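Dear colleague,

Please find below the structure that I am handing over to you, together with its sequence. My findings follow directly after it.

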Amino acid sequence: MRILVVEDEVDLARTLHTGLTAEGYSVDLAHDGRHGLWMARSGEYAVVVLDLMLPGLNGYKVCSELRREGNATPILVLTAKDGEWDQAEALDTGADDYLAKPFSYPVLVARLRALVRRAAAVAPPVLAVGDLSLDVAARVCRRAGARVDLTPREFSVLELLARRAGQAVSKADLLYHAWPGDALDPNLVEARVSVLRKKVDAAFGRQSVQTVRGVGYRLVDDREHG
């Protein structure tokens, strides 16, 4: 079971990595908000442990962005900000639990177990736009029941389009979602969308991935036009 720890205090992050690994978890680390958001968007984590005061992008924004995109991965906020208003804001932005530093390690582990138990009762999200479906947990794409093989980047691009179905999604947003923060070339997005159209549209005689001039792309249910 994988856990993502987004914590800029390197020593604390390493301590958590060592302790949680000993508990049987597979632990990935991120030390800034932008990298943490990019990793959390993969949908591969059972829980995200998220600090609030992060460089690049603070924890509040990371949490709210994940929730806005429909990412339901449980989030445990771990921070030195222990005021009641800080707790309220963290929960209001979508966090599932809150633990102030310094914290009790056994309590942290117990709260993580509780979050995992609650999440296990919820079916993994499947995004559907018409007869195109994306099983986010399994990273599987299907069109009209037929499996479509996608690379991780292609899946990430299509996932964001599916999460915002019917809406125009900018190339910048797609780039930020599917590539690390240092990738700045929009041609990367154009190349992936071109391949996606061949795989999920052209192969089925469809046109669901549409260009929005001057903005980017959108994903629609085009069955009535097929």
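Strand 6 and strand 7 (residues 132-135) run antiparallel and are joined by four bridges. One point of reference for inspecting this pairing is L127, whose bridge partner in strand 7 is L134. Please note that the model is a predicted one.

These two strands belong to an open sheet of four strands, ordered 6-7-8-9, with antiparallel pairing. Strand 6 (126-129) and strand 9 (146-148) are the edge strands, each of them pairing on one side only. On average, neighbouring strands of the sheet are turned by 25° against each other, direction ignored.

Helix 6 lies across strand 6, strand 7 and strand 8 (140-143), and runs at about 115° to strand 7. Helix 8 (residues 187-201) packs on the sheet as well, where it touches strand 7, strand 8 and strand 9; the direction of helix 8 makes about 55° with that of strand 8.

Helix 6 also contributes to a pocket. Four residues, the largest share of the lining of the second largest pocket, come from helix 6. This pocket holds about 310 Å³ of space. Its lining consists of 17 residues, and those nearest the centre are S42, E44, R139, P152 and S156. Helix 2 (33-40), helix 6 (152-163) and helix 7 (171-178) are the elements that give two or more residues to the lining. Classified by type, the lining has seven nonpolar, six charged and four polar residues.

The peptide bond that joins K101 and P102 is cis, with an omega of about -10°. P102 is located in the loop between strand 5 (97-100) and helix 5 (105-120). In the loop between strand 8 and strand 9 lies A144; although A144 is not a glycine, its phi is positive, at about 55°.

As to the chain as a whole, its secondary structure amounts to eight helices and twelve strands. Its radius of gyration is 19 Å, close to the 17 Å that the globule rule gives for 226 residues, so the chain is as compact as a globular protein of that length. Taken along the principal axes, the C-alpha atoms fill a box of roughly 55 × 35 × 30 Å.

With kind regards

Key. Residues numbered from 1 in each chain as written. Predicted model: local features only at pLDDT ≥ 70, side-chain atom pairs only at ≥ 80, totals over all residues. Heavy atoms only, no water. 1 Å grid on protein atoms, 1.4 Å probe; cavity = no way out; pocket = protein on both sides within 12 Å on 5 of 7 lines; lining within 4 Å. Points joined across faces, edges and corners; volume = space filled by probe spheres on them. Nonpolar A, V, L, I, M, F, W, Y, C, P; charged D, E, K, R; others polar. Pairing = 2+ DSSP bridges. Axes fitted to C-alpha atoms, helices over the stretch in contact; angles between N-to-C directions. Contact = heavy atoms within 4.5 Å. Rg over C-alpha atoms; globule rule 2.2 N^0.38 Å.
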